Amino acid sequence: MLHRMNPSVKFVFITVSMIAMAFFFNPWTPLVFFTGVIFMQIAFAKIAWKTWSLMMLPFLLGAIGYFWTTLVFGNEDSTIGTALSLSFRVLAFSSLSLLFVFTTKPVDFIMSLMQQLKLSPKIAYSILVGYQFLPVLKDEFFQIQQAQQLRGVEVPKPPVKRVLAMRHVLIPMLAGAVRKAERTAFAMEARGFTGEGKRDFYRKISVSRADAAGAVLFLILLIGSMAAGFLS
Amino acid sequence: MHNVISLEKVSFRFPEDELPVFEKVDLNVSAGERIVITGPSGCGKSSLLYLLNRLYPENCDGIVSGKVELFKKAAAEYAPGEINQRIATVFQDPDSQFCMQTVEEELAFTLENVKVPVGKIDERITRVLQETGLEDFRHSVIQTLSGGQKQRVATACAWVLEPEVLLLDEPLTHLDPVTAKEFVAWLRELHQTRDLTVIAIDHQVELWDGFFDREWQMAPAKVSSRIVKREPVHAGKIALSAKALAVSPILSPISFSLHQGEIAVLAGPNGSGKSTLLKALCGLKSTGGSVEPKRIGYVPQSPEFLFLTKSVRDELAFGGGDQVDEMIERLYLKPVSEAHPFAVSHGQKRRVAIGAMLCDGRPVIVMDEPTAGQDAAALTELENLIKARANEGVTFLIVTHDMNFAHRTAETLLLLKNGQLSGQFKPSAVWQNAQLLNAHRLCAPSGGVRFASPHESFG
Amino acid sequence: MLKSWKLKEVVLMSLFAVVFGIIYLLFLHVGNIWASLIGPIAYEWIFGIWFIVSIIVMAILRKPGAAVIPETMAAAIEVMLGNAVGPRLILAGVIQGLGAEAVFAATRYRHFNVGIYMLAGAGAAVFSFVYGYLLGGFAALSTEYVLLMFVIRVMSGAIIAGIGGKYLVDALLATGSLRGYAITKRDAHA
């Protein structure tokens with residue numbers, strides 16, 4: 001069902017939930033929310049859990065970092081509870097994000113932003129252009145890096161130097177991007193795209209009953225986790 | 001026949017420039033005509049074409065004078081996008097003319113643009129896919145298609161608009177000769193189903209095999225330079241030897257060797273492993289075998305991928321060589337030696353890349369598709385550059401599909417197929433062997449040196 | 001606002017966003033590993049990389065929106081790539097972009113020099129910090145620590161996004177590939 005939800009509706013609910021979470025500093029609210037989101041994914045979505053775990057791992061590490069940072073550098077009112085709360089918040093946010101990532105098709109998301117949230121077609125289609133250029137540009141990135149390695153440019157290990165070394169690769173990539181952008185924009189205009197006026201869509205991204213059900217679920221979860229916080 | 005396009009004393013200039021791109025051009029095209037516009041690169045062919053589909057002057061704030069009439073109405077009177085339904089365009093770069101992921105989405109995008117009622121879109125897509133024979137590609141992801149397939153999809157996107165005029169902006173430039181001929185044959189068949197006007201620009205008119213009724217030369221071809229004479233290869237001295245290079249699963253073990261001053265061409269179908277072999281030679285891929293010498297010069301299709309500095313001179317000096325000034329002289333780079341390497345012409349960029357490799361002490365140079373998208377003058381320049389260096393003892397291995405170029409330049413032909421080396425041949429032996437040519441998707445050269453008029457020498 | 005934008009300019013923003021999106025992703029992984037060791041402060045010093053696309057695109061196009069739109073597009077594209085940070089990245093993108101945009105708007109889009117770029121980088125840092133303060137719960141941390149994070153982020157914004165952005169734009173300008181965009185117009189350096 002989460003897969004069938006409208007991407008914009010999902011986007012709005014996830015954003016609202018995250019902003020709501022920001023006002024709670026007890027451990028229970030984010031913990032209950034985190035658990036709830038996982039149950040939602042188990043019950044209402046098809047998730048590749050192996051990939052999910054791999055993507056979750058860095059956030060788990062981040063949560064640990066948060067935990068001890070809050071313990072060591074917390075202000076006078078901070079307790080272990082606060083530290084746990086912030087770590088769980090990291091986990092709750094990440095599980096929500098992964099829920100979105102795993103149940104939403106990227107192109108549908110942009111189409112939905114255009115159809116439901118009135119994103120300008122000029123911007124939306126440009127984003128789609130960028131998205132489909134990604135593999136091309138990624139490939140180019142490695143090609144340039146290899147060509148430059150041949151000339152004796154090493155990729156330095158220290159992070160600061162690595163940032164600086166990036167400039168050599170960036171210049172040819174950006175110069176190429178300017179050229180590709182113009183060509184693609186011309187091709188779009190030559191097919192009558194102006195970005196202005198009303199637009200009707202061949203493939204409509206609709207809002208359905210799944211969205212109502214999803215909305216109810218999110219609300220229950222949000223209220224439930226807040227209640228858990230007040231009760232403790 | 002009435003005129004669909006009529007230009008009268010048209011001049012065009014970019015706002016940044018003092019000089020016009022072209023001046024006082026007259027051109028009339030009548031309905032149903034098939035015309036090809038030719039002229040050396042830089043003569044403004046593309047700019048002219050963009051005036052016809054209204055990409056210019058708006059997109060570059062260009063300054064137009066004279067009369068541009070499309071269907072008997074002044075071009076400027078059309079609203080943005082209005083003309084593009086009647087005048088559709090196919091561009092040259094197969095990799096940058098799509099904005100959606102799949103063929104169906106791209107066609108739908110096109111039809112939505114011109115406000116075709118949503119209920120009719122499915123029918124229109126089905127019909128155009130049938131007409132163009134692309135039914136099987138309806139749900140294909142465009143980026144996964146080959147260059148030739150992409151150009152057909154781009155044509156289908158123009159065709160679906162049911163235009164009266166079709167503009168072709170060098171659509172064969174990025175295709176290899178066999179694919180280009182297949183594309184032309186396909187387009188010819190498609191054109192027979194609808195009698196529309198075709199206006200193309202291209203520099204390889206011979207590939208079109210009589211498709212056009214009329215050729216219009218926008219500017220006279222530049223007088224081509226004299227061809228550098230090749231000196232015989234000093235047999236005996238091996239300059240490059242590769243033993244059992246293998247990259248699984250792309251390349252089976254490959255061994256070959258080239259002599260000092262030899263020019264070899266490496267050819268084979270797309271996906272046969274040519275680029276991988278070049279990278280393996282340069283040590284950019286780990287292989288089981290060995291390459292001698294260790295340091296090999298590499299010139300990618302976009303030479304600017306190599307550039308690291310802000311001037312041509314610094315670029316040559318980057319590797320620490322001591323013969324920079326001599327090399328600048330020899331490669332005719334003196335006038336641009338202080339220019340930014342990105343800002344010089346494509347031919348100059350290639351010379352900078354070769355110069356950098358030579359200064360760096362890499363007398364064996366491999367080049368990845370240097371002939372792609374080059375007009376006749378650029379090819380002559382490339383040929384001279386390579387021959388002059390080879391005469392000095394530099395060894396070349398060049399990947400190209402262009403057998404005319406191979407015929408004029410190479411002493412040796414390495415053919416690659418499915419990651420296996422079919423052999424190391426004398427080019428003349430391959431031209432006789434139709435089976436070998438077909439198996440490697442190559443066209444025999446159309447014959448001889450194209451330009452013979454003597455002119456200043458160019459190394 | 002969008003009426004004055006040519007399509008090629010909007011697509012340019014998008015492709016730049018993709019290029020920097022690739023860079024961002026590379027650094028996000030670096031940041032993640034560090035974050036487990038030294039906590040959220042790990043991201044602070046490289047935060048400027050996240051703001052650089054606003055500054056570069058604004059320097060090239062010089063129009064209202066040229067800071068906030070590409071930053072938001074960069075975030076949207078990262079979400080499409082399956083960045084695990086997900087939808088909240090888009091909100092972050094809008095807010096950061098607005099921080100840089102505010103500085104350019106204050107000059108009425110008339111001044112483009114390294115000082116302004118550094119201020120814009122710092123502006124993006126300040127806006128993003130306020131957002132991070134709320135969502136990241138920095139309120140629970142001691143004032144000194146928060147202040148340290150803030151200073152590092154603002155400096156990173158000014159140096160990496162401001163100076164780095166200026167460096168990249170100048171290098172790109174020298175290649176001659178920006179012909180026809182606002183940065184090369186004759187009155188651009190007035």
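A salt bridge is taken here as a side-chain nitrogen of Lys or Arg within 4 Å of a carboxyl oxygen of Asp or Glu. The model is predicted.

The two domains of chain B are assigned as residues 3–217 for domain 1 and residues 238–440 for domain 2. Their C-alpha centres lie 34 Å apart. Contact between them involves six residues of domain 1 of chain B and five residues of domain 2 of chain B. The area buried between the two domains is about 490 Å², with 54% of it on carbon and sulfur atoms. On the side of domain 1 of chain B that touches domain 2 of chain B, two residues are nonpolar, three are polar and one is charged. Two residue pairs in polar contact, both at pLDDT 80 or more, are counted between the domains of chain B.

In chain A, domain 1 is assigned to residues 2–105 + 207–231, a range in two segments, and domain 2 to residues 121–190. The C-alpha centres of domain 1 of chain A and domain 2 of chain A are separated by 34 Å.

The interface of chain B and chain A was examined next. Here, 52 residues of chain B are in contact with 43 residues of chain A. Chain B and chain A bury about 4,300 Å² between them, and carbon and sulfur atoms account for 59% of this area. Of the area that chain B buries against chain A, 16% comes from B:Glu112, B:Phe305 and B:Leu308, more than from any other three residues. Six salt bridges are counted between chain B and chain A. In one salt bridge, the side chains of A:Arg203 and B:Glu105 meet at 3.9 Å, N to O. The rule also finds 18 residue pairs in polar contact across the interface of chain B and chain A. At least two residues of the side of chain B that touches chain A are supplied by each of helix H2 (103–113), helix H3 (118–132), helix H4 (147–159) and helix H9 (346–359) of chain B. H2(B) gives the most, with eight residues. By class, this side of chain B has 29 nonpolar, ten polar and 13 charged residues.

Between chain A and chain C, 70 residues of chain A are in contact with 63 residues of chain C. The buried area is about 5,800 Å², 80% of it on carbon and sulfur atoms. One salt bridge is counted between chain A and chain C; the side chains of C:Lys8 and A:Glu182 meet in a salt bridge at 3.4 Å, N to O. Residue pairs in polar contact between chain A and chain C number twelve. Elements giving two or more residues to the side of chain A that touches chain C include helix H1 (7–21), helix H6 (121–150) and helix H7 (159–190) of chain A. H7(A) gives the most, with 20 residues. This side of chain A divides into 47 nonpolar, 14 polar and nine charged residues.

Within chain C, helix H5 covers residues 114–135. At 1.5 Å a residue, its 22 residues should span 32 Å, which agrees with the 31 Å between its end C-alpha atoms. The N-terminal end of H5(C) is capped by C:Asn113, with a side-chain oxygen 3.0 Å from the backbone nitrogen of C:Gly115. C:Gly137, which follows H5(C), has a positive phi, near 65 degrees.

Key: Residues are numbered from 1 along each chain as its sequence is written. Chains are lettered from A and ligands numbered from 1 in the order in which they are written. Side-chain values use heavy atoms; hydrogens and water are left out. Domain bounds come from an automatic or database domain assignment. Contact means heavy atoms within 4.5 Å. Buried area is the accessible area (1.4 Å probe) that two parts lose on being put together, summed over both. A polar contact is a pair of N or O atoms within 3.5 Å; within protein, one must be able to donate a hydrogen and the other to accept it, and residues adjacent in sequence count only if both atoms are side-chain atoms. Ala, Val, Leu, Ile, Met, Phe, Trp, Tyr, Cys and Pro count as nonpolar, Asp, Glu, Lys and Arg as charged, and the others, Gly among them, as polar. Helices (H or I, at least four residues) and strands (E, at least two) are DSSP runs, numbered from the N terminus. The expected span of a helix is 1.5 Å times one less than its number of residues.
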